[in-house]
Amino acid sequence: MAKNVFGENLISCSTAPMTGFYRNGCCETGEDDLGTHTVCAVMTKEFLEFSLSRGNDLLTPRPEYLFPGLKPGDRWCLCASRWVEAYRAGSAPKVILEATHEKTLQYVPLEELVKFAAKD
């Protein structure tokens with residue numbers, strides 16, 4: 001079983017929309033996940049605009065990739081490097097820590113992630 005940033009079992013990030021590199025609702029990763037889609041983030045207008053400005057359009061549906069297009073409030077498994085880029089630019093979205101894969105800790109310390117913990 002995959003582990004989260006606390007070393008506990010990874011919980012689902014979202015099934016509506018269905019997220020995850022493997023489109024199973026979880027921010028699981030593996031050798032074939034070159035983008036390391038491990039951060040369960042809560043989308044904001046600011047982050048979606050930031051991502052678009054960096055050439056990654058998360059707003060427009062792409063059915064050929066099973067991608068519905070995102071809106072503020074949606075939970076989505078982000079690439080760890082994109083989250084860090086947004087963090088450095090002051091545009092990082094909140095994070096669901098229990099649904100964020102432990103591999104994320106190779107990119108950002110837990111202490112920083114905790115500062116962005118989403119409140120349910």
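Residues 24 or more positions apart supply 63% of the chain's contacts with a separation of 6 or more, where contact means heavy atoms within 4.5 Å. The structure is a predicted model in which local features need pLDDT of at least 70 and side-chain atom pairs count only at pLDDT 80 or more, while totals for chains, interfaces and linings use all residues. Residues are numbered from 1 along each chain as its sequence is written, and side-chain values use heavy atoms, with hydrogens and water left out.

**Overall architecture**

- The chain contains three helices and three strands, taken as DSSP runs numbered from the N terminus (helices are H or I with at least four residues, strands are E with at least two).
- Along the sequence, these elements follow the pattern β-α-β-α-β-α.
- Along the principal axes, the C-alpha atoms fill a box of roughly 35 × 30 × 30 Å.
- Of the 120 residues in the chain, 44% are buried (buried means under 20% relative accessible area, exposed over 50%, and partly exposed in between, with a 1.4 Å probe and protein chains only).

**The sheet**

- An open sheet is formed by three strands in the order β2-β1-β3, with antiparallel pairing; two strands pair if DSSP finds at least two bridges between them.
- The edge strands, each pairing on one side only, are β2 (75–79) and β3 (94–95).
- Strand β1 (residues 37–42) runs antiparallel to β2 and is joined to β2 by five bridges.
- Within this pairing of strands, H37 stands opposite C79 in β2.
- Helix α2 packs on the sheet and touches β1, β2 and β3, its direction making about 95° with that of β2.

**Helix α2 and its packing on α1**

- Helix α1 (residues 45–53) packs with helix α2 (residues 80–88) at an angle of about 105°, the axes being 11 Å apart; axes are lines fitted to C-alpha atoms, for helices over the stretch in contact, and angles run from 0 to 180 degrees between N-to-C directions.
- The two helices α1 and α2 are therefore roughly perpendicular to each other (65 to 115 degrees; under 35 counts as roughly parallel, over 145 as roughly antiparallel and the rest as oblique).
- At this contact, F47, F50 and S51 of α1 meet R82, E85 and A86 of α2.
- The residues of the contact of α1 with α2 divide into three nonpolar, one polar and two charged (Ala, Val, Leu, Ile, Met, Phe, Trp, Tyr, Cys and Pro count as nonpolar, Asp, Glu, Lys and Arg as charged, and the others, Gly among them, as polar).
- In α2, the residues A80, R82, W83, V84 and A86 are buried.
- These buried residues of α2 pack against β1, α1, β2, β3 and α3.
- G90 follows α2 and has a positive phi, near 80°.

**Two individual residues**

- L113 lies in helix α3 (residues 110–114) and counts as buried, at 0% relative accessibility.
- Apart from neighbours within four places in sequence, L113 is in contact with V5, W83, V95, L97, T104, L105 and V108.
- E8 lies in the segment before β1 and is partly exposed, with a relative accessible area of 46%.
- Apart from neighbours within four places in sequence, E8 is in contact with A2 and K3.
- E8 and E98 are 90 residues apart along the chain, yet their C-alpha atoms are separated by 7.7 Å.
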